[in-house]
Amino acid sequence: MQRIGVFVCHCGSNIAATVDVNKVVEVIKAEPGVVHAEDYQYMCSEAGQEKIAGAIKEHGLTGIVVCSCSPRMHEGTFRKCAEKAGINPYMVEIANIREQCSWIHKDIEEATKKAVILARAAVAKVNLNTPLKPGESRVTKRALVIGGGIAGIQTALDIADAGYEVDIVEKTPSIGGRMSQLDKTFPTLDCSACILTPKMVDASAHEKINIYTYSEVEKVSGFVGDFTVDIRKKARYVDMTKCTGCGVCQEKCPSKKGLSEFNRGLNKRSAIYTPFAQAIPNVPVIDTDQCIKMKTGKCGLCEKVCQAGAIDYTQKDEIISEKYGAIVVATGFDIIKLDQYDEYAYSQSKDVITSLELERIMNAAGPTKGHLERLSDGKSPKNIVFIQCVGSRCSDNRGKSYCSKICCMYTAKHAMLIRDKYPDVNVTVFYIDVRTPGKNFDEFYRRAVEEYGVNYIKGQVGKVAPQPDGQLMVHGVDLIDNKQIKMEADMVVLAAAIEPESSVRKLATMLTASIDTNNFLTEAHPKLRPVESPTAGVFLSGVSQGPKDIPETVAQAGAAAIKVVGLLAKDKLLTNPCTAHSDELLCNGCSTCANVCPYGAISYEDKQVNDHGIRETRRVAVVNTALCQGCGACTVACPSGAMDLQGFSNRQIIAEVDAICR
């Protein structure tokens, strides 16, 4: 039997306001193995930890239970405290009487009863705990950044500047991401390309950064400090070592039917193309669906005109396998599909466009060379209507429940740019609320209204109806004046919701990273660990974690980078000792545990087993403790009960259940 000390925290009034802390202390003193119990206002404070350390020495404690907040918050704190006082840190259990008790109950009697039950279960588990010792694993001093937008570029630069090797994997033919598609940025209205391109050049020229464009992560295995990643480098059909970027092949290509992805499908491009002028690398790629040579075996004009001999139709996809100590996910975002919002006539009229399409129209390198014109007839618009929150803050199943955060600001930016360059154009914005939480953001919005004369109407648009003469009839409501509005527009711009890039769910599965219901990657703790994934060694950067603007994205990129640098600076890491192990006498070699293991930590070996004096060779499960993350999936799945988890054994779990039920 252990000598257990129980320490109940008031957590200010978070716990004590709902739980009778003194009663919990008195009741728990009678539990088997408990030799000391006390309460204190803040157990996690220095004074609280000194109380724990003093009690360990005074009462000769061999295990402790702390009744406090979630172990996610302070388990590490109390384990370090116990270790300093001479107790194995894995002899510490946390009874979560805050999140699981006081925060969800209003009745003091009910909450106190539950707190006692949770404490009793923790005591039962400590009585069966055994000291555990973590192992060690090496750290590969190389980082992988998935995504080559501004988040990925800034993260890679910061890691590389600290002296570590970094690989950037970008699925499109060039780095740059969404920021490369923007014309101006708020609230300074400076040229997006002018501030992004130097970063792209720095990343390309950095001796510690290796860029894989037109590539995707195919497979991830391993664990923190020692990930193995397979990267599929897709065939460009252009030799990057020979291409000079002269552009002759693109000019001469006879197939110009492909829609430009960079310009959001608003114009055509050739079958061999470079996404945009500042692309890095400045090497074209051949679209096999459009290339005449690839489809029919004829043509080959680009190969004939290429003086560098860079065209190679025989290229194949290449799988590159690398080891990394840390992985950063910076996969960015896209706008939602507007298929379910046909009341705005997006699929019916070329003059109903998204805000990102407007960015390309207003850009000097865009499909209209920067001239604001209707896509249907090329005429200059006189009346433009912006509709906010299309697919954002939705209560139905069509869109997203969250605010996309950037729409209010970029709409104000668009309105100001249009009014500045085309003062005769009338701009009207329909909005639910105007949200301007950033530095100088509210002043920016007020400039749009007061200085540029943009007409803001608090209300929603119910329908956009194309007219026979090409005009668009906008039907809306003004909630301030409580009246229906019907106005003609030459162009309607939809501020569509943003969502994580489509491949993030597949990537999260490979990384065993958590995602929320909106497919944003979930951080380990929203306040204390905002750039870390719950999966050790995986970090988050940019909009993959949640909606944010460019300054916030760059700030988070730097935060993710410093976390990676802190990890790579270590030569060795302590591994989690709470790993699975197999009872060879019970194992029947059925492979069920290996099939459910998400980390590939279980293999099978033929071993000599002594079963009741009879020696025989059996196929039994063997756990690689360096790979095992202690998730417990194998222990649940094992039909013979051979798999068990150190620190969370079947005996311990059953003891907790018995303590709760008695």
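I began with a term: a polar contact is a pair of N or O atoms within 3.5 Å, and within protein one must be able to donate a hydrogen and the other to accept it. I note also that the model is a predicted one.

**Aspartate 549**

I looked up aspartate 549 with that term in mind. The side chain of aspartate 549 reaches the backbone nitrogen of glutamate 552 at 3.0 Å. I placed aspartate 549 in the loop between strand 29 (538-540) and helix 15. Which side chain of opposite charge is nearest to aspartate 549? I found lysine 405, which is 6.5 Å away. Aspartate 549 is buried and has no salt bridge.

**Salt bridges**

I then searched the whole structure for salt bridges and got 36. I wrote down some of the pairs.

I took glutamate 136 and lysine 572, whose side chains meet in a salt bridge at 3.5 Å, N to O. Glutamate 136 belongs to strand 5 (residues 136-138) and lysine 572 to strand 30 (residues 572-574), so this pair ties together parts 436 residues apart in sequence. I checked the exposure of both partners. Glutamate 136 is exposed, at 55% relative accessible area, and lysine 572 is exposed too, at 54%.

I went on to arginine 138, which has a salt bridge with aspartate 226; the closest N and O atoms are 3.5 Å apart. Arginine 138 lies in strand 5 and aspartate 226 in strand 12 (residues 226-233), so the pair ties together parts that are 88 residues apart in sequence. Is aspartate 226 buried or exposed? Aspartate 226 counts as buried, at 13% relative accessibility.

Lysine 141 sits in the loop between strand 5 and strand 6 (142-146), and aspartate 571 in the loop between helix 15 (550-568) and strand 30, so the pair ties together parts that are 430 residues apart in sequence. Lysine 141 is partly exposed at 33% relative accessibility, while aspartate 571 is exposed at 57% relative accessible area.

**Surface**

I found a patch of positive charge on the surface, where Lys257, Lys268, Lys295 and Lys350 gather. I looked up lysine 295 among them: it is in helix 9 (residues 292-296) and is exposed, with a relative accessible area of 56%.

I turned to serine 347, in the loop between strand 19 (333-335) and strand 20 (352-354). Serine 347 counts as exposed at 61% relative accessibility. Its side chain is joined to that of aspartate 342 by a polar contact of 2.6 Å.

**Backbone**

Most residues other than glycine have a negative phi, and most peptide bonds are trans. I listed some exceptions.

The peptide bond from phenylalanine 186 to proline 187 is cis, with omega near -5°. I placed proline 187 in the loop between strand 8 (184-185) and strand 9 (190-191). The peptide bond from isoleucine 280 to proline 281 is also cis, with omega near 5°. Proline 281 is in the loop between strand 15 (272-273) and strand 16 (285-286).

Arginine 264 is not a glycine, yet has a positive phi of about 60°. I found arginine 264 in the loop between strand 13 (258-259) and strand 14 (268-269), partly exposed at 23% relative accessibility.

Methods:
Residues are numbered from 1 along each chain as its sequence is written. This is a predicted model: local features need pLDDT of at least 70, side-chain atom pairs count only at pLDDT 80 or more; totals for chains, interfaces and linings use all residues. Side-chain values use heavy atoms; hydrogens and water are left out. Patches are made of residues with over 30% relative accessible area and no salt bridge: like charges are joined within 9 Å, nonpolar side chains (Val, Leu, Ile, Met, Phe, Trp, Tyr) within 5 Å. Accessible areas come from the Shrake-Rupley method with a 1.4 Å probe; for residues, only the protein chains shown count as cover. A salt bridge is a side-chain nitrogen of Lys or Arg within 4 Å of a carboxyl oxygen of Asp or Glu. Lys and Arg count as positive and Asp and Glu as negative; His and the chain ends are not counted. The place of a charge is taken as NZ of Lys, CZ of Arg, CG of Asp or CD of Glu. Helices (H or I, at least four residues) and strands (E, at least two) are DSSP runs, numbered from the N terminus. Buried means under 20% relative accessible area, exposed over 50%, partly exposed in between (1.4 Å probe, protein chains only).
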